[in-house]
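Please keep the sequence and the three-dimensional view at hand while reading.

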Amino acid sequence: MKPKVSIIVPVFNVEKYLSRCLNSLLNQSLGEIEIIVVNDGSTDSSLDIMKNFEAKDDRIKVINKRNGGVSSARNKGLTAVTGEFIGFVDPDDWVDENMYESLFKTAIENKAEIVMCSYIREFGSHSKEKSFNTADKVFYYGDEVRTKMMRRLVGPLNEEIGTPELLDAWGTVWSKLYRADLILNNGLCFTDLKDIGTNEDSLFNVQVFYYANSFCFINKPYYHYWRVNEGSVTTGHKPALFEQWFNLYNILETFLEEKEMETEFYHALNNRVCLNILGLGLNTISKSNQSPIGVKIDHLRSYLNDERIKRSFKQLELSSLPIVWKAFYFCAKARLPLGLYLMLMSIESLRKLRR
């Protein structure tokens with residue numbers, strides 16, 4: 001029998017968390033699923049764990065491949081799906097037992113090609129639900145999918161600028177269920193992180209939402225996002241991030257040009273460039289960056305004087321930002337690297353306290 005949902009799990013050296021993830025998928029109230037677990041060249045016991053699960057439950061299919069990164073692993077999984085819908089789960093995360101039944105029923109009942117839920121950030125000692133400040137259910141059909149969701153994924157406009165922390169919260173793939181034909185018939189795949197640094201989920205979703213004609217958001221946190229062993233842009237220095245993000249911007253801009261999208265999409269992309277100064281800055285001041293403070297400030301100065309960044313800041317409206325963010329982005333817009341450095345240090349300290 002053809003499964004209703006295919007769930008792709010990319011795996012690399014997560015022996016400590018993998019059983020928790022796979023058990024949460026096998027315990028789904030929706031029984032007609034297949035779980036495609038892609039071993040991306042793990043060197044720990046992850047592959048043995050996957051094979052043990054595969055031997056006990058025929059809904060699990062293990063694919064073993066040479067290490068190529070999370071995008072490569074997900075793309076390999078896409079070649080093996082047979083379900084009507086596709087979901088993605090990261091191997092150190094887990095899901096509520098009714099997640100896929102709820103998303104699938106919502107998709108069928110509302111003829112939605114993409115369904116999304118909210119999520120809970122798990123820090124080990126405590127949990128925090130991600131707040132999206134929307135109605136319990138949000139529906140978009142036809143052109144609304146592009147003008148509201150795809151555009152939001154490209155970048156924020158107007159009052160959306162006031163919540164920089166939500167820039168990519170809508171772009172996660174693991175919070176969504178996709179009609180398989182939407183992805184497979186349009187030949188969509190994930191871009192290698194070596195090329196773009198981060199945001200492979202948001203880039204993928206920009207492309208998917210362009211082709212979609214229906215979307216539903218369920219404001220219920222079915223997904224549990226494990227942050228304890230996170231390898232994010234703010235937890236380690238990435239020397240190539242500036243160049244990688246500019247490659248990401250170029251890919252997005254080229255896509256918008258090819259699809260002849262409206263001016264507001266380019267405005268949104270410029271706002272993304274501006275807001276990403278926060279990520280670039282946190283990457284620069286990271287403790288794992290052994291450069292002296294003066295060198296870090298010089299790097300911030302070079303970012304602020306980049307022509308692409310200056311052009312974007314010319315059209316950034318600071319009025320939509322809360323007072324704290326307004327001060328931060330004023331320093332960026334006015335090209336004040338020392339002020340930006342001091343504010344970045346304060347932001348990083350506050351982030352650690354709030355975790």
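The points below are grouped by topic, from aromatic rings to individual residues.

The structure is a predicted model. It holds 27 aromatic pairs, and one of them joins Y119 to W174. Two helices, α9 and α10, pack against each other at an angle of about 175 degrees. Two asparagine residues, N158 and N199, have a positive phi.

**Aromatic rings**

- The ring centres of Y119 and W174 are 4.8 Å apart, and the ring planes meet at 85 degrees; the pair is therefore edge-to-face. The cut-off behind this reasoning is that planes over 60 degrees apart count as edge-to-face.
- This pair connects distant parts of the chain, since 55 residues separate its two members. Y119 belongs to strand β6, which covers residues 114-122, while W174 is in the loop between α5 (143-154) and β9 (176-179).
- Y119 and W174 are both buried.
- Y119 and W174 also belong to a cluster that ring pairs link together.

**Charges over rings**

- R74 is placed over the face of F190, at a distance of 5.0 Å from the ring centre.
- R146 has its charged end over the ring of Y210, and the distance to the centre of that ring is 4.2 Å.

- R74 is part of helix α3, which spans residues 70-78.
- The relative accessible area of R74 is 1%, and this residue is therefore buried. The cut-off used here is that buried means under 20%.
- Apart from neighbours within four places in sequence, R74 is in contact with I8, P10, F88, D90, V173, W174, F190, E200 and D201.

**The packing of helices α9 and α10**

- Helix α9 comprises residues 241-258 and helix α10 comprises residues 263-275. Their axes are 11 Å apart.
- With an angle of about 175 degrees between them, α9 and α10 are therefore roughly antiparallel to each other. The cut-off for this term is an angle over 145 degrees.
- On the side of α9, the contact is made by Y249, L252, E253, L256 and E257. On the side of α10, F265, Y266, L269, R272 and V273 take part.
- Sorted by class, this contact has seven nonpolar residues, three charged residues and no polar residues.

**Residue L275 in helix α10**

- L275 is located in helix α10.
- L275 counts as buried because its relative accessibility is 4%.
- Leaving out neighbours within four places in sequence, L275 contacts P156, I161, P164, L167 and Y329.
- L275 and L182 are 93 residues apart in sequence, and 30 Å separates their C-alpha atoms.

**Asparagines with a positive phi**

- Most residues other than glycine have a negative phi.
- N158 has a phi near 50 degrees, which is a positive value in a residue other than glycine. N158 lies in the loop between α5 and β9, and W174 is in that loop as well.
- N158 counts as exposed because its relative accessibility is 54%.
- N199 has a phi near 65 degrees, again a positive value in a residue other than glycine. Its position is the loop between α7 (193-196) and α8 (200-211).
- N199 counts as buried because its relative accessibility is 14%.

**Partly exposed residues**

- D48 is found in helix α2, which covers residues 46-56. Its relative accessibility is 48%, and D48 therefore counts as partly exposed.
- D48 and E15 are 33 residues apart in sequence, and their C-alpha atoms are 9.1 Å apart in space.
- G41 lies in the loop between β2 (33-40) and α2. Its relative accessible area is 25%, so G41 is partly exposed.
- Not counting residues up to four places away in sequence, G41 touches F12, K65, R66 and N67.
- G41 and R121 are 80 residues apart along the chain, and 27 Å separates their C-alpha atoms.

Notes
Residues are numbered from 1 along each chain as its sequence is written. This is a predicted model: local features need pLDDT of at least 70, side-chain atom pairs count only at pLDDT 80 or more; totals for chains, interfaces and linings use all residues. Side-chain values use heavy atoms; hydrogens and water are left out. Rings of Phe, Tyr and Trp (its six-membered ring) pair if their centres lie within 6.5 Å; planes under 30 degrees apart count as stacked, over 60 as edge-to-face and the rest as tilted. Helices (H or I, at least four residues) and strands (E, at least two) are DSSP runs, numbered from the N terminus. Buried means under 20% relative accessible area, exposed over 50%, partly exposed in between (1.4 Å probe, protein chains only). A charge sits over a ring if NZ of Lys or CZ of Arg is within 6 Å of the ring centre and within 35 degrees of the ring normal. Axes are lines fitted to C-alpha atoms, for helices over the stretch in contact, and angles run from 0 to 180 degrees between N-to-C directions. Angles under 35 degrees count as roughly parallel, over 145 as roughly antiparallel, 65 to 115 as roughly perpendicular and the rest as oblique. Contact means heavy atoms within 4.5 Å. Ala, Val, Leu, Ile, Met, Phe, Trp, Tyr, Cys and Pro count as nonpolar, Asp, Glu, Lys and Arg as charged, and the others, Gly among them, as polar.
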